[in-house]
Amino acid sequence: MGVFSGRYTGSVDGDFVVFLIGMRINRPLKVHRWLPVFVAMPRMIRELEADPGSGFLGATQGFMTTGPTLIQYWRSFEHLERYARDPDGRHFPAWKRFNQTVRASGDVGIWHETYRVAAGASESIYGNMPRIGLAKAGAHRALGSTSTAARRIGDREHDRAPVAGY
């Protein structure tokens, strides 16, 4: 993953969905409980990336203080839900298995948040970064040094940056 020197922005045309999902290992010594949850997500991402019609736009992974986290971008909530409930996809069996074997134990915690984003209601900036987030899921383009968050999101067309850019 190469670094793009300078300032860039990322965007997705039209409405889209941001889906955050993560897990927390509550009992680290119970590897047999949390490892299947941990390894399930990369398999799902590979499945989604192989299916352009799924509505999956891309993902960026990382760690929060609570554990592994994935930020996913989807064309619509309907696409996300269709995948989550598809009995022939990787997610549904993993979801069922989690509920049957782990959920009641408290050994592993899971969480997710879903946000519908209206067209033009997001902005992003990436300085000296590889393509991540919206820039990885959608369009990636260079910005001038005078671009501000307020201008990118359409709040103040003539806004000036309070700090000189690069």
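Let's start with Glu-78. This residue is partly exposed, with a relative accessible area of 46%. Keep in mind that we are looking at a predicted model.

Who is the partner of Glu-78? Which residue forms a salt bridge with Glu-78? The partner is Arg-116, and the closest N and O atoms are 3.9 Å apart. Arg-116 sits in strand E5 and Glu-78 in helix H2, so this pair links distant parts of the chain, 38 residues apart. Arg-116 counts as exposed, at 62% relative accessibility.

Next, the other salt bridges. How many does the structure hold? There are 5. Take Arg-27 with Asp-107: here the closest N and O atoms are 2.7 Å apart. Arg-27 is in the loop between strand E2 and helix H1, while Asp-107 is in the loop between H3 and strand E5. That is 80 residues apart.

Buried or exposed: what is Asp-107? Buried, at 1% relative accessibility. Arg-27 is partly exposed, at 37%.

Asp-107 also meets Lys-30 in a salt bridge, at 3.7 Å from N to O. This pair ties together parts that are 77 residues apart in sequence. Lys-30 is partly exposed, at 35%. Through shared partners, salt bridges join Arg-27, Lys-30, Arg-33 and Asp-107 into one network.

Last topic: two helices. The axes of H2, residues 77–85, and H3, residues 91–101, come within 6 Å. They cross at roughly 60 degrees, and therefore H2 and H3 are oblique to each other. Which residues meet? From H2, Tyr-83, Ala-84 and Arg-85; from H3, His-91, Phe-92 and Trp-95. By class, that contact has 4 nonpolar, 1 polar and 1 charged residues.

Technical notes: Residues are numbered from 1 along each chain as its sequence is written. This is a predicted model: local features need pLDDT of at least 70, side-chain atom pairs count only at pLDDT 80 or more; totals for chains, interfaces and linings use all residues. Side-chain values use heavy atoms; hydrogens and water are left out. Axes are lines fitted to C-alpha atoms, for helices over the stretch in contact, and angles run from 0 to 180 degrees between N-to-C directions. Helices (H or I, at least four residues) and strands (E, at least two) are DSSP runs, numbered from the N terminus. Angles under 35 degrees count as roughly parallel, over 145 as roughly antiparallel, 65 to 115 as roughly perpendicular and the rest as oblique. Contact means heavy atoms within 4.5 Å. Ala, Val, Leu, Ile, Met, Phe, Trp, Tyr, Cys and Pro count as nonpolar, Asp, Glu, Lys and Arg as charged, and the others, Gly among them, as polar. A salt bridge is a side-chain nitrogen of Lys or Arg within 4 Å of a carboxyl oxygen of Asp or Glu. Buried means under 20% relative accessible area, exposed over 50%, partly exposed in between (1.4 Å probe, protein chains only).
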